[in-house]
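Hi,

Here is the structure I promised to send over. My notes on it follow below.

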Amino acid sequence: MRSFTNGLERIRDMATLCRAYLGMQCFWGAESSFAKLDGVMKTRVGYAGGTTQSPNYENIGDHTEITEVQFDDQIVSYERILDWFWEHHNPTDQHKKQYQSAILYVDDTQKRIAEESLKNVQEKYGQQKVETYVKKLEHFYQAEDYHQKYWLRCQRALFTKLSLTDQEVVDSTLATKVNAFLAGFDNFDVLKNLAAAYHLSDDTTKLIEEIARSGGVPGACH
């Protein structure tokens, strides 16, 4: 399998990245959680799974909060991403549609894997119903800028140091991985590689590490 550092060489070619669409309750925590996986290069949050046209946070309609996970399948498989999904929330919890557990597949291969995965998880829980729904992704509506990489946006001093535009916050691997560290990610080899790849200053790298070692942003749902 390729490493995270090797994967950085591939991120400019969007065609090399696969996509998974998952609802794991609050998308602030889900986004930072998936970003901790080696091979996940980019994330963004939005609304999907329903029929309401042009939803937003104030009018989400019948959609669910969804995280788009862009990943290098030479490093991490779709199956592993689903394993992480099940491991990092309780799929038997009952929530309104906005926060419901969800897997939205993009093709027949993902559909087969998702349905088999759901079947296995339901067997594990026995009589306790798994509330996760599985359906085809029809449209993903990107959420407002203030929801993207939420824990990074909460750290105003660091956010200013990184000098990222709103589009770069959405699109960059740098923002994706830093957001994970701000939610307590503690693989500092990844941080070292990230700092080298993006020429982060020693002060900036140290600040990210200090926040990560403290457990991340207080109250972060991760």
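The protein chain has 10 helices and six strands (DSSP runs numbered from the N terminus: helices are H or I with at least four residues, strands are E with at least two). Bear in mind that this is a predicted model, where local features need pLDDT of at least 70 and side-chain atom pairs count only at pLDDT 80 or more, while totals for chains, interfaces and linings use all residues. Residues are numbered from 1 along each chain as its sequence is written, and side-chain values use heavy atoms, with hydrogens and water left out.

On overall shape: a compact globule of 222 residues would have a radius of gyration near 17 Å, and the chain agrees because it has 17 Å (taken over C-alpha atoms; the globule rule is 2.2 Å times the number of residues to the power 0.38). Its C-alpha atoms fill a box of roughly 50 × 40 × 30 Å along the principal axes.

As for burial, 52% of the 222 residues count as buried (under 20% relative accessible area, with exposed over 50% and partly exposed in between; 1.4 Å probe, protein chains only). Helix H8, residues 173-181, is mostly covered, with nine of its nine residues buried; among them are Leu174, Lys177 and Phe181.

Now the strands. E4 (residues 102-105) and E5 (residues 133-136) run parallel, joined by four bridges (pairing takes at least two DSSP bridges). Ile103 stands opposite Val134 in E5. From E4 the chain passes through helix H4 (residues 108-125) to E5, a right-handed β-α-β crossover (clockwise from the first strand over the helix to the second, with the strands pointing away from the viewer).

Cheers
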